[in-house]
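Subject: Handover of a structure and findings

Dear colleague,

Please find below the structure I am handing over to you, together with its sequence. My notes on what was found in it follow directly after.

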Amino acid sequence: MAAQDNSTPDIESASLEHFRLKGMEQGRLTGVSIAVHGISDAFLLMHCGVGCKHKATSQLSTHDWGRGVVEREGWTEVGDAELIAGASDRIGPYLRSWVKRVDPGLVIVIAVTFLELTGEDTRSVVSEEAHTVDCPVVYVDALGTHGDLHYGFASVIAELARKLDWSQPPAKPKEVGILGYLFDRYEGDHAGNLAQLKRLVGDLGLTLGPVLMSGRPWRDLQKVTDSGLLVQLPYAEPRGKVLRRLAKKGRRALVATDLPMGLRGSTRWLRQVGRAAGLEDRNIQLRAAAREQGVRVRLAPFLNRLRGQQVAVFADLPLLAGILAVMEDLGMDVRLAGIRGSSFGGAEALREALGRMGTTVPDRMQIVENISLEAVRNTVGPLLGELDGIFASAAELNVLGTLPQEAFLQPDGGEPRATGPFVLEVGFPCKRFHAAMPMPMMGHAGVLTWAQRIVEAPRVWDSGLAMR
């Protein structure tokens with residue numbers, strides 16, 4: 001899946017929609033913070049001003065109830081005087097102070113845009129100061145002038161991969177290492193996904209190695225160089241050239257895949273990884289067919305209630321493709337697909353991803369690209385009398401919650417519906433959805449979790465007359 005250029009269009013030709021606030025307006029610093037959060041003993045040192053502390057990462061604090069963010073982040077507290085005189089000499093003292101205080105396994109250092117624009121060579125300073133502490137220190141470019149959350153996340157993976165030693169042959173040829181798993185909280189949804197990845201790899205007769213990121217300490221994650229086969233998930237693709245070059249240099253097979261979501265998508269993932277490992281397709285298909293059948297048997301009693309329901313889905317492109325694959329398994333009718341962000345391309349890239357996953361593109365499905373919050377409200381509003389459900393992040397759902405009761409009339413102007421459509425929080429950030437127990441969204445079993453969430457989903461509006 002190719003990343004899309006995020007450069008600003010010509011101002012004269014840009015529409016007003018380009019300048020409106022988007023549901024995924026987070027910059028690279030937010031993505032770096034998420035990546036660092038996904039390494040349990042990592043520390044993020046932000047070379048930034050006094051007022052810039054946690055603004056870029058505050059959504060992560062409410063998104064993750066499993067583990068706090070603040071204790072793993074610090075900043076160099078640059079004020080006006082330091083900005084004028086030169087602020088890079090603050091990095092060393094703060095680096096040593098924080099390392100002594102929290103004893104991290106890894107430190108990631110970033111600098112905010114206004115400090116980088118002063119012309120000081122932050123990367124070189126960090127490289128020099130890294131020799132004064134006893135843990136690895138890596139500088140990651142987090143400029144806010146271009147790129148989004150996903151570019152920042154992928155940049156951390158690329159920079160860490162560059163620091164590893166790929167020169168030796170893999171110590172575990174039958175082990176599968178995964179690059180680009182978007183681990184954004186220590187909750188049951190990710191615990192379930194990681195268990196499903198282990199199960200999928202196990203179905204191939206292989207062993208799951210380190211997953212970047214997966215909430216493990218850096219000493220465990222850096223052993224990804226032991227793996228003979230590397231799987232690159234879509235969230236690493238914005239910096240995928242770096243990973244492909246390193247894999248080739250280290251004589252390791254690397255296969256780029258979509259997310260293993262939905263029955264066909266998960267089976268397709270198994271076949272891709274299996275082929276890269278040199279396994280026979282027939283044996284893979286037999287095991288996958290058994291997994292699919294087991295899920296279909298458990299889904300059967302619910303499909304009559306779910307089949308034909310009309311939904312709108314807003315998510316980043318890799319997740320959106322995965323959810324659409326699940327919707328096809330459940331027999332649901334996707335009327336509107338909104339692509340959040342632009343790192344992974346637009347409508348054509350979505351169609352290509354669905355094709356790779358074996359998912360049919362609904363004939364009447366409308367696709368909207370990098371949609372603003374205002375456009376979400378205006379696009380969904382006219383459909384509310386017809387929609388049965390909406391999948392979106394907390395940002396989009398917050399906007400839809402402001403729609404008036406009149407928006408929930410039947411499309412023919414008849415009586416108001418007893419309830420509005422159900423709502424499911426998906427992606428980043430989630431404000432209300434949290435998982436205390438394993439709730440996989442990926443793998444064959446992940447389809448059951450999606451069905452469960454839909455069955456018990458709350459409504460965006462409820463008259464209280466639904467059971468009358």
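This is a predicted model: local features need pLDDT of at least 70, side-chain atom pairs count only at pLDDT 80 or more; totals for chains, interfaces and linings use all residues.

Backbone features

Although Arg251 is not a glycine, its phi is positive, at about 60 degrees. Is this residue buried or exposed? With a relative accessible area of 54%, Arg251 is exposed. Asn370 likewise is not a glycine and has a positive phi, of about 45 degrees. Asn370 belongs to the loop between β11 (366–369) and α16 (373–380), and its relative accessibility of 28% makes it partly exposed.

One runs from Leu212 to Met213, with omega near 5 degrees; Met213 sits in the loop between β6 (207–212) and α10 (218–221). Another joins Phe428 and Pro429, with omega about 0 degrees, and Pro429 is found in the loop between β13 (422–425) and α18 (443–455).

The surroundings of Arg340

Pro429 and Phe428 are also among the residues that Arg340 touches, leaving aside those up to four places away in sequence. Arg340 is part of strand β10 (residues 333–340) and counts as buried because its relative accessibility is 4%, where the limit for that class is under 20%. Which partners does the side chain of Arg340 reach through polar atoms? The backbone oxygen of Gly23 is reached at 2.7 Å, and the side chain of Ser393 takes part in a polar contact at 3.2 Å. Further residues in touch with Arg340 include Met24, Phe314, Asp316 and Glu396.

The second largest pocket

The volume of the second largest pocket is about 580 Å³. Its lining comprises 24 residues, and those nearest the centre are Ala394, Leu397, Glu425, Lys431 and Arg432. At least two lining residues come from each of α3 (58–63), α17 (394–400) and β13; α17 contributes the most, with five.

Salt bridges

How many salt bridges does a search of the whole structure find? The search finds 21. One of them brings together the side chains of Arg356 and Asp258, at 2.8 Å from N to O. That pair links distant parts of the chain, 98 residues apart: Arg356 is in helix α15 (residues 347–356), and Asp258 is in the loop between β8 and α12 (263–276). Asp258 is buried, with a relative accessible area of 9%, whereas Arg356, at 28%, is partly exposed.

Asp281 and Arg271 form a salt bridge at 3.5 Å, N to O. Asp281 lies in helix α13 (residues 281–306) and Arg271 in helix α12, so this pair ties together parts ten residues apart in sequence. Asp281 is partly exposed at 24%, and Arg271 is partly exposed at 27%.

Finally, Asp220 and Arg216 meet through their side chains in a salt bridge of 2.9 Å, N to O. Asp220 is partly exposed, with a relative accessible area of 22%, and Arg216 is partly exposed, with 45%.

Yours sincerely

Note on methods. Residues are numbered from 1 along each chain as its sequence is written. Side-chain values use heavy atoms; hydrogens and water are left out. Helices (H or I, at least four residues) and strands (E, at least two) are DSSP runs, numbered from the N terminus. Buried means under 20% relative accessible area, exposed over 50%, partly exposed in between (1.4 Å probe, protein chains only). A polar contact is a pair of N or O atoms within 3.5 Å; within protein, one must be able to donate a hydrogen and the other to accept it, and residues adjacent in sequence count only if both atoms are side-chain atoms. Contact means heavy atoms within 4.5 Å. On a 1 Å grid over the protein atoms alone, a cavity is a set of points where a 1.4 Å probe fits but cannot get out, and a pocket is an open set with protein on both sides within 12 Å along at least five of seven lines; lining residues have an atom within 4 Å of a point. Grid points are joined across faces, edges and corners, and a volume is the space filled by probe spheres set on the points. A salt bridge is a side-chain nitrogen of Lys or Arg within 4 Å of a carboxyl oxygen of Asp or Glu.
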